[in-house]
Amino acid sequence: MKKEFFKKIIATPGQKHLVSEFDPAWTGKMIREEADMLRNENVEKLAELQDKLYAQDRYAILAVFQGMDGAGKDGTIKHVMSGINPHGCQVFSFKQPSSEDLDHDYLWRINKCLPERGRIGIFNRSHYEDVLVTKVHPEILLKSKLPDIQKVEDVTEKFWKKRYRQINDFEQYLTENGIIVVKFFLNVSREEQRKRFISRLKEDSKHWKFSSSDFEESMHWDSYMKVYSDVLTYTSTTYAPWHVIPANNKWFMRYLVGQIICDKVAALKPDYPKVTPQESEEIEKYKTLLLQEGRKNKIPVNSN
């Protein structure tokens with residue numbers, strides 16, 4: 001990826017950030033044809049890298065997607081991961097917690113869905129919902145039956161900073177154990193969100209995407225921008241920084257996400273395991289036996 005692209009989209013760890021610092025319409029002077037070509041190349045490249053990652057069985061990638069409704073999370077995941085072997089990819093969407101979830105700590109349901117070594121895990125929404133939606137609507141926390149939270153007034157700034165610290169500790173633990181956390185905030189403007197909502201209402205094929213709750217949450221736009229700013233400030237770390245992806249132009253957003261994931265996997269230098277001399281002898285032995293059997297039965301070498 002071009003260095004200027006990376007500088008434009010990274011939430012620098014240790015610095016205070018506002019969502020308004022990042023332009024949701026920025027495209028780095030790239031044209032759509034170039035972005036589409038590079039995205040398609042990355043689809044093929046990622047398929048090869050993931051195959052090696054799976055065979056190596058040492059690392060996992062956890063790609064976290066957050067964004068306002070209509071930001072394009074589903075479409076981006078679909079386009080970027082389209083070439084990957086399904087055996088090597090796991091996708092989970094986190095909606096409202098169940099009664100079982102609420103009887104556990106808030107990271108319990110996240111832990112259950114972490115990717116196995118060799119796989120790329122996708123979180124469509126994630127543990128960050130517990131410092132985003134719950135911060136805009138703190139009354140939700142009362143359902144969690146937390147020891148120190150008896151009423152909304154108990155939810156103080158100290159509580160949130162403790163939760164940010166817990167999330168940072170959790171992600172550092174994952175990283176140190178071979179699960180590389182790659183975080184994307186798909187940054188869409190309010191006007192672009194409005195256009196996408198209208199499109200969902202106009203086109204029959206998109207009606208299923210629209211929910212009245214999406215519209216209701218959009219009415220809290222300013223509150224969400226504030227809590228997202230806090231998330232960028234307090235949870236962008238050296239080991240798991242936030243990538244603030246311009247989301248107004250879907251073609252550019254999909255290119256950027258695909259490029260970043262490719263770069264992260266490539267940095268791990270995945271490769272197919274090397275066979276031992278003994279295993280190599282076994283391979284040659286059985287290859288010879290199979291070829292002999294083929295000649296005996298007049299089976300072509302390239303037969304399926």
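Lysine 226 is exposed, with a relative accessible area of 53%, where exposed means over 50% relative accessible area, buried under 20% and partly exposed in between (1.4 Å probe, protein chains only). This is a predicted model, in which local features need pLDDT of at least 70 and side-chain atom pairs count only at pLDDT 80 or more, while totals for chains, interfaces and linings use all residues. Residues are numbered from 1 along each chain as its sequence is written, and side-chain values use heavy atoms, with hydrogens and water left out.

Lysine 226 forms a salt bridge with aspartate 230, the closest N and O atoms being 3.6 Å apart; a salt bridge is a side-chain nitrogen of Lys or Arg within 4 Å of a carboxyl oxygen of Asp or Glu. Both residues lie in helix H10, four residues apart, about one turn of the helix. Helices (H or I, at least four residues) and strands (E, at least two) are DSSP runs, numbered from the N terminus.

Helix H10 itself is mostly covered, with 11 of its 15 residues buried. Among them are Trp221, Tyr224, Met225 and Val227. The helix runs over residues 221–235, and its end C-alpha atoms are 21 Å apart, in agreement with the 21 Å that 15 residues should span at 1.5 Å a residue. That expected span is 1.5 Å times one less than the number of residues.

The structure holds 17 salt bridges. Side chains of opposite charge can pair when their charged atoms come close. In helix H8 (residues 190–202), arginine 194 and glutamate 191 lie three residues apart, about one turn of the helix, and their side chains meet at 2.7 Å, N to O. Arginine 194 is partly exposed at 43%, and glutamate 191 is partly exposed at 39%. Another salt bridge joins glutamate 116 to arginine 119, with the closest N and O atoms 3.3 Å apart. Here glutamate 116 is partly exposed, at 45% relative accessibility, whereas arginine 119 is buried, at 17%.

Aromatic side chains come next. The whole structure contains nine aromatic pairs, counted when ring centres of Phe, Tyr and Trp (its six-membered ring) lie within 6.5 Å, with planes under 30 degrees apart taken as stacked, over 60 as edge-to-face and the rest as tilted. Tryptophan 26 and phenylalanine 252 form an edge-to-face pair, 5.7 Å centre to centre with 85 degrees between the planes. Tryptophan 26 lies in the loop between strand S1 (10–11) and helix H2 (32–56) and phenylalanine 252 in helix H11, so the pair ties together parts that are 226 residues apart in sequence. Trp26, Trp251, Phe252 and Tyr255 form one aromatic cluster.

In the largest nonpolar core, which has 77 residues, those touching the most other members are Leu46, Met81, Ile120, Phe184, Leu186, Ile245 and Ile261. Helix H11 (residues 250–267) gives this core its largest share, 10 residues. A nonpolar core is a set of buried Ala, Val, Leu, Ile, Met, Phe, Trp, Tyr and Cys residues joined through side-chain atoms within 4.5 Å. Leaving aside residues up to four places away in sequence, methionine 81 touches Leu46, Cys89, Ile120, Ile122 and Ile261, contact meaning heavy atoms within 4.5 Å.
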